[in-house]
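Dear colleague,

I am passing on the structure we spoke about, together with some notes on what came out of it. Please look at the model first and then read on.

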Amino acid sequence: MKTKEIINDLIEFIDNSPINYFAVKNSIELLEKNDFRKLEENEKWKLEKGGKYFVSRDDTALIAFSVGDDPRKGFDIIGSHTDSPTFKIKSNPEMTSNGFLKFNIEGYGGMIVSSWFDRDLSLAGKLVYEDKGEFKSKLIKIDRDLLTIANCAIHINRDLNSGYKYNMQDELSPIIKTIEDDFKKDGYLQKLLAKEIGIYYKDIIDFDLALFDRQKGSIMGSDDEFIHIGRLDNLASVHQSLTALINSKNEKFNICVLNDNEEIGSGTRAGAKSPFLDQVLERIVMNLGYDREDYFIALANSYLISADLSHSIHPNYSNLFDSTNNTRINMGIGIKVASNGAYTTNIETRKRFLRHAKNVGAKVQTFHNRSDKVGGSTIGPIVSSKSGIKSIDVGTPILSMHSIRELGGVKDHIEAIKIFEDFYNNKY
């Protein structure tokens with residue numbers, strides 16, 4: 001595929017993945033089109049050398065892998081996450097106020113709150129409903145402009161441009177319609193959802209819904225060098241690793257891990273703190289006739305690329321970045337380093353990654369936080385500390401991380417895929 005085709009494919013993937021459920025759904029469809037076979041966690045596996053497989057958990061996490069000749073040579077793993085900051089709908093969400101119907105929401109992850117105001121929003125997620133006595137689930141994405149979080153006018157709130165702090169409970173409820181004083185609000189959301197998928201609203205048992213921005217992604221800039229879209233963090237890394245896995249020869253044990261809940265600490269059964277990856281790797285070893293000691297040998301020879309986007313230095317806020325260790329858009333993927341252990345990069349893990357980058361002629365940058373600032377972390381330290389797998393933290397640079405729309409580089413995305421393909425094809 002040519003550069004523009006790959007970037008358009010990325011934009012289409014993100015546009016069609018408003019929240020984690022759809023990121024996994026679309027990843028599964030992509031894998032199945034490329035001859036990866038589905039496995040179930042609660043069934044026996046029968047793996048074959050040269051086979052390509054995937055297994056999902058709770059519809060929000062996924063592990064895809066290829067089977068080589070000897071797992072004791074180690075697993076080559078790229079890990080990223082499917083979730084992004086958003087607002088989630090609470091269980092009993094309908095609220096009426098001054099002639100408006102609005103929904104009660106709570107924040108998921110650390111979003112830039114102000115970027116969510118005055119946007120065309122909608123809902124996506126998962127429903128559980130009853131059908132002839134049986135509980136079933138279904139993904140839902142309402143594909144129309146449905147909601148907005150309306151700002152207060154500057155004439156009314158003169159503090160809006162003076163470091164104003166929004167109250168998450170009182171000032172961020174999205175509006176869905178105007179109402180009369182005698183409006184009966186109870187069950188409104190269920191009726192809306194039921195109409196969307198063609199069931200009776202009282203059959204809806206539960207839901208897990210989040211807001212998403214309806215504006216489509218774009219390629220922008222005078223030279224078409226930027227990607228402008230929400231959820232680049234971290235669906236760009238998901239797209240990079242999946243594309244590399246599918247395009248690779250997959251003659252060895254290549255693993256692509258898509259965890260959930262990184263934005264809230266990874267402490268769920270679909271998150272990086274769960275035993276999901278460890279269990280899959282151990283099952284691969286055992287299924288192929290090796291023992292538990294062989295499994296530990298495999299771990300000792302394994303390598304993880306923790307792929308999560310990095311911060312590009314900002315042209316308007318350069319004083320907030322380290323002066324000699326910052327990354328820039330379209331200047332190469334960033335290797336993230338932190339002496340406090342927030343990133344797993346060390347001198348041993350860096351050398352292999354640099355070899356892959358050199359092999360494909362890709363640029364590499366180094367990112368450190370300012371010494372007087374505490375940055376974020378990734379799934380890398382979580383996986384590496386509990387499994388002992390050697391790991392490095394990398395990510396393509398973006399601006400506006402955790403905004404409703406983020407800004408990344410076309411060239412960086414293409415080069416990341418090339419590096420990841422070389423990683424999957426070669427073991428230096």
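K126 counts as buried, with a relative accessibility of 17%, and I begin with this residue in what is, please bear in mind, a predicted model. Its partner is D59, with which K126 forms a salt bridge whose closest N and O atoms are 2.7 Å apart. D59, by contrast, is partly exposed, at a relative accessible area of 33%. Because D59 sits in the loop between β2 and β3 (61-66) while K126 belongs to strand β7 (residues 121-131), the pair ties together parts of the chain that are 67 residues apart in sequence.

The setting of this pair is the division of the chain, for which the domain assignment gives domain 1 (3-84 + 230-425) and domain 2 (86-213). The contact between them draws 22 residues from domain 1 and 20 residues from domain 2, and the C-alpha centres of the two domains lie 32 Å apart. About 1,600 Å² is buried between domain 1 and domain 2, with carbon and sulfur atoms giving 62% of that area. The count of salt bridges between the two domains is 1, and 9 residue pairs are found in polar contact across the interface, both residues being at pLDDT 80 or more. On the side of domain 1 that touches domain 2, helix α2 (residues 20-33) contributes the largest share, 3 residues, and by class that side has 7 nonpolar, 6 polar and 9 charged residues.

Lastly, S173 lies in the loop between β8 (134-141) and β9 (175-178) and is buried, at a relative accessible area of 10%. Leaving aside residues up to four places away in sequence, S173 touches M95, K102, F103 and T148.

With best wishes

How values were computed: Residues numbered from 1 in each chain as written. Predicted model: local features only at pLDDT ≥ 70, side-chain atom pairs only at ≥ 80, totals over all residues. Heavy atoms only, no water. Domains from an automatic or database assignment. Contact = heavy atoms within 4.5 Å. Buried area = accessible area lost by both parts, 1.4 Å probe. Salt bridge = Lys/Arg side-chain N within 4 Å of Asp/Glu carboxyl O. Polar contact = N/O pair within 3.5 Å; in protein donor to acceptor, adjacent residues only side chain to side chain. Helix = DSSP H or I, 4+ residues; strand = E, 2+ residues; numbered from the N terminus. Nonpolar A, V, L, I, M, F, W, Y, C, P; charged D, E, K, R; others polar. Buried < 20%, exposed > 50% of the residue type's maximum accessible area, 1.4 Å probe, protein only.
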